[in-house]
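User: I would like to learn how to read the features of a multi-chain model step by step, with the general idea stated before the particular case. Could we begin once the model is on display?

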Amino acid sequence: MKPIDRSLSLAWMGLIALTLISFAAAETLIDRRLALACIFAIAALKGQLVAASFMEVGRALPHWSALYRVWIIGIAIMLAAGNVV
Amino acid sequence: MEDSATRAIERGLAWCGPIFIVTMITCWAVMGHNIPPPNMMAMTPEQLVSDYYGKYPSIGPGMIGAATFGLFYTMWSCLLAKLMREENGSFGVLSMMELSGGILTGWLFAFCSAMWAACAVLVHQVSPEIIKMVHTFTWFIFDCTYMITTMQMVAMGLFTILNKKQTMFPAWAGWVSIAVGLSFIALVLMPFVTEGPFTVPGLWNFWLIFNTWIFAFFGVYNFYVLKHVYKAPEAQARAAGRALTA
Amino acid sequence: MEEPPWRVTGNCMTSDKRSSGARTPPGTDGIWTFVFIDMIVFSLFFAVYLSERLRLPGVFAASQSHLDPKFGLVNALILLTSSLFVAEAVAAARLGKATLVRARLALALACGAMFSASKLTEYVGKFAAGITPVTNSFYSLYFLLTMIHFLHVLAGMVFIAHCLGRARVEAGLTVFVAKLENTGLFWHFVDLLWLFLFPLLYLAGPK
């Protein structure tokens with residue numbers, strides 16, 4: 001199956017790789033705080049990749065672009081902090 | 001009826017919204033000691049009597065006040081239905097859904113408040129088991145028939161979003177109305193849990209749902225309705241997306 | 001004969017260019033608003049989850065250990081792949097390629113069906129083990145969050161199926177591209193939600 005847009009396929013490969021890394025980190029890292037920081041940092045990175053490549057927030061109106069990106073980062077921080085306690 | 005009389009009535013109905021909120025907070029919430037309501041599913045009948053109905057004599061009068069003012073919601077909803085008419089002036093399906101929801105929601109406020117008033121007045125005359133039974137039954141009716149209000153809010157939301165000619169309400173208010181209406185779905189858990197965010201006084205099922213309903217939906221639409229009814233007739237017709245007849 | 005302005009032509013992405021050559025935002029403002037409000041609602045759900053976890057850390061830890069992270073992982077991989085297919089469908093629609101649009105949307109639907117099967121299998125397993133939404137606070141939130149997410153998946157599948165059905169006739173039209181972009185944005189949001197639900201529910205518990 002030929003890719004229609006190479007950048008989409010590359011983004012997808014990156015997302016799959018990050019998902020597997022996140023899973024491995026959660027399963028193998030002994031230090032729980034380090035594991036939590038890893039998995040939610042990866043979630044934020046994946047979120048930004050989905051937003052940029054699939055949702056095309058870069059082409060959205062500036063306020064939507066900002067709000068969506070801030071939401072992704074904000075939620076990742078909130079969930080990481082909330083789980084560390 | 002003369003136009004001036006119609007306008008006066010519509011303005012009166014618009015003010016029914018704020019009156020409803022103020023009186024319900026006073027009567028149902030404060031006098032009724034519902035900030036938050038007792039967690040009935042985790043209480044024995046005796047606890048419900050000793051810690052709630054038997055403890056606060058203001059509950060009875062508060063609930064009778066709430067039963068009186070509950071229907072102010074319905075009157076406000078009638079005005080909304082008129083504002084939501086089709087371009088040709090007829091009442092479309094969204095308008096009727098909104099009105100149905102407004103009638104039933106107002107009735108719920110009035111009817112359930114009357115039931116709780118009965119519990120308060122009869123607390124020392126019937127067994128605690130009967131008090132808890134009626135109290136719980138009434139809360140199930142009040143909370144678990146949430147689809148009544150969801151239907152109204154979704155109808156208002158869809159009208160706001162889909163009617164491109166109207167400028168009475170901003171599109172974001174329509175989306176918020178739909179989202180808040182749909183968030184009531186968590187109420188399905190209320191009868192079955194004894195602790196946590198989905199109990200009657202829980203963080204989601206009471207604090208979040210009631211406050212978002214008041215501030216993100218009812219308060220917002222109240223503001224725009226009041227703004228609209230004080231416009232001149234021509235401006236009102238333009239805002240509603242309808243041309244004035246010659 | 002000059003093509004009408006509402007029809008996409010060849011490889012030129014005219015559907016998303018104004019006459020000045022600037023690229024318009026994908027989808028309509030309404031969908032961006034709707035998705036953002038949905039984000040706010042889920043933010044509130046997440047806040048409630050964290051507040052409950054703070055109140056009952058033992059219950060949450062014990063309950064999370066009963067979730068199988070492989071379900072979460074498989075669902076994440078499925079949704080990411082489905083997002084790729086939807087994004088490719090949008091790209092194909094901008095080029096006016098109806099056959100490609102239909103093929104990619106069909107694959108996205110298949111992914112949606114796989115996610116649904118996985119989710120239902122997980123739920124059945126939980127119910128069979130006597131775990132329900134009222135077992136404890138963790139499971140109330142687990143079931144509510146994942147079921148509401150699942151409803152979003154089902155709604156997304158309906159929109160995708162509609163676009164799939166209309167693609168043969170409408171694929172070259174600007175209005176279809178906008179419709180597909182709206183569908184795509186909603187679907188990618190569904191994917192985005194799982195990017196956070198997966199680590200929150202399946203990975204963040206103590207090992």
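User: What pattern does chain B follow, read along the sequence?

Analyst: Helices (H or I, at least four residues) and strands (E, at least two) are DSSP runs, numbered from the N terminus. On that basis chain B follows the pattern α-α-α-α-α-α-α-α-α-α, with ten helices and zero strands. This is a predicted model, in which local features need pLDDT of at least 70 and side-chain atom pairs count only at pLDDT 80 or more, whereas totals for chains, interfaces and linings use all residues. Residues are numbered from 1 along each chain as its sequence is written, while chains are lettered from A and ligands numbered from 1 in the order in which they are written.

User: How is the radius of gyration of chain B to be read against that of a compact globule?

Analyst: The radius of gyration is taken over C-alpha atoms, and the globule rule is 2.2 Å times the number of residues to the power 0.38. For 246 residues a compact globule would have a value near 18 Å, and the 20 Å of chain B agrees with this. Along the principal axes, the C-alpha atoms of chain B fill a box of roughly 65 × 35 × 25 Å.

User: What percentage of the residues of chain B count as buried?

Analyst: A residue is buried if 20 or more other C-beta atoms lie within 10 Å of its own, exposed if 12 or fewer, and partly exposed in between, with C-beta atoms placed from the backbone. In chain B, 44% of the 246 residues count as buried; in chain A, buried residues make up 41% of 85.

User: How are the axes of α4 and α5 of chain B oriented?

Analyst: Axes are lines fitted to C-alpha atoms, for helices over the stretch in contact, and angles run from 0 to 180 degrees between N-to-C directions. The axes of α4 (residues 72-83) and α5 (residues 93-121) of chain B come within 8 Å and cross at roughly 175 degrees. Angles under 35 degrees count as roughly parallel, over 145 as roughly antiparallel, 65 to 115 as roughly perpendicular and the rest as oblique; α4(B) and α5(B) are therefore roughly antiparallel to each other.

User: Which chains have the most contacts among the pairs that touch?

Analyst: Two residues are in contact if their C-beta atoms, placed from the backbone, lie within 7 Å. Two pairs of chains touch, and the most contacts are between chains A and C, where 33 residues of chain A are in contact with 34 residues of chain C. On the chain A side, α1 (6-28), α2 (32-54) and α3 (62-84) each give two or more residues, and α2(A) gives the most, with nine. Chain A and chain B, by contrast, do not touch, their nearest C-alpha atoms being 13 Å apart.

User: Which residues have the most contacts inside the largest nonpolar core?

Analyst: A nonpolar core is a set of buried Ala, Val, Leu, Ile, Met, Phe, Trp, Tyr and Cys residues joined through C-beta atoms within 7 Å. The largest one has 161 residues, and those with the most contacts inside it are I39(A), Y53(B), A89(C), A93(C), L105(C) and I160(C). Helix α6 (residues 174-203) of chain C gives the most to this core, with 19 residues. Leaving aside neighbours within four places in sequence, A89(C) is in contact with V101(C), R104(C), L105(C), A108(C) and L180(C).
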